Amino acid sequence: MEEKILKIFADSTTRYFATVSDGSARLGTPYLRDETENPALDYAAVIGISGHYRGRVCYTATREQLHALLPQFGETECDESLYADLVGEITNTISGNARESLGAGFMISPPVLIPASAAAGAIADAGAPLPCYVLPVTWKEHRSRVLVTLQPQPVHKPAPDAT
Amino acid sequence: MTRPDTSRPMKLLVVDDSTVVRRVVERNMKRSRFGEIRLACNGREALAVFDQFQPDVVTLDITMPEMDGLTTVEILRQKKTSAIILIISALADRSTAVEALKRGAHGFLLKPITPESLHLAIEDLLNN
């Protein structure tokens with residue numbers, strides 16, 4: 001995957017935290033996930049990518065991060081369903097904002113919430129396995145990760161008119 | 001377009017598949033000029049609420065299960081409603097915003113939203 005695509009997701013993640021919270025996110029060095037590693041934390045959501053790219057984008061976070069983030073939205077009582085909902089909305093926002101650079105051909109599905117134990121499997125695309133990059137994110141000492149598995153797809157242009 | 005009567009408490013329909021987003025919009029708009037607010041978690045649910053509720057303003061996400069926001073805005077426009085429709089979406093490419101406006105939305109607010117950006121967008125649409 002091109003470095004510039006990872007940077008798009010890094011920028012999108014930084015912008016999310018800078019906009020919704022009173023503290024900025026610190027990004028770690030992205031790395032290629034080892035097949036034996038399960039990078040999923042307590043909550044995870046995945047978005048399927050189609051169109052000019054094929055793959056998945058996943059956001060996974062600790063309960064502590066989500067618990068600390070929810071009051072930034074005015075929530076005073078946090079529960080399991082709100083943690084799960086927020087992790088889905090973050091995945092959606094980070095992926096959707098990436099279209100500013102990747103264009104409308106970067107098509108995203110609604111987020112699917114997945115048990116953290118299944119996140120590693122869910123991120124691996126069915127069929128040809130694609131490399132998965134992990135972008136570590138720290139916000140107020142709370143951990144989360146953006147997992148990106150993407151492959152550009154050939155864009156079929158209509159054949160030139162033979163006449 | 002007929003402008004809603006802003007001198008009376010207005011009605012708002014909030015459509016988003018995220019509970020957190022629905023509640024952020026509801027909480028912030030309750031404090032402003034909206035007397036009655038209803039929530040829906042996708043386009044299909046929004047259409048079911050719309051006819052009976054007759055909102056003055058609709059905030060509408062695009063990426064939703066069951067029925068997406070672009071399809072919903074098109075169906076709402078076919079109803080010849082005067083409701084103001086504000087798209088609130090994470091889809092940051094220009095062509096999506098243009099398409100939403102083409103289908104009949106009045107404004108486009110990019111996620112993530114803040115209380116300030118939300119108030120500004122709604123007030124802007126109601127006043128202009």
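Is the crossing of H1(B) and H5(B) right-handed or left-handed? I shall answer that after a few conventions.

This is a predicted model, in which local features need pLDDT of at least 70 and side-chain atom pairs count only at pLDDT 80 or more, while totals for chains, interfaces and linings use all residues. Residues are numbered from 1 along each chain as its sequence is written, chains are lettered from A and ligands numbered from 1 in the order in which they are written, and side-chain values use heavy atoms, with hydrogens and water left out.

To the opening question: H1(B) and H5(B) cross in a right-handed manner, that is, the near helix is turned clockwise from the far one by less than a right angle. Helix H1 of chain B spans residues 19-30 and helix H5 of chain B residues 115-127; they pack at an angle of about 65 degrees, with axes 10 Å apart. Axes here are lines fitted to C-alpha atoms, for helices over the stretch in contact, and angles run from 0 to 180 degrees between N-to-C directions. Helices are DSSP runs (H or I, at least four residues), as are strands (E, at least two), numbered from the N terminus. From H1(B), B:Val25, B:Asn28 and B:Met29 meet B:Pro115, B:Leu118, B:His119 and B:Ile122 of H5(B), contact meaning heavy atoms within 4.5 Å. This contact comprises five nonpolar, two polar and no charged residues; Ala, Val, Leu, Ile, Met, Phe, Trp, Tyr, Cys and Pro count as nonpolar, Asp, Glu, Lys and Arg as charged, and the others, Gly among them, as polar.

Turning to chain A, we find five helices and eight strands. Of its 163 residues, 50% count as buried, meaning under 20% relative accessible area (1.4 Å probe, protein chains only).

In chain A, the axes of H1 (residues 3-20) and H3 (residues 80-97) come within 8 Å and cross at roughly 130 degrees.
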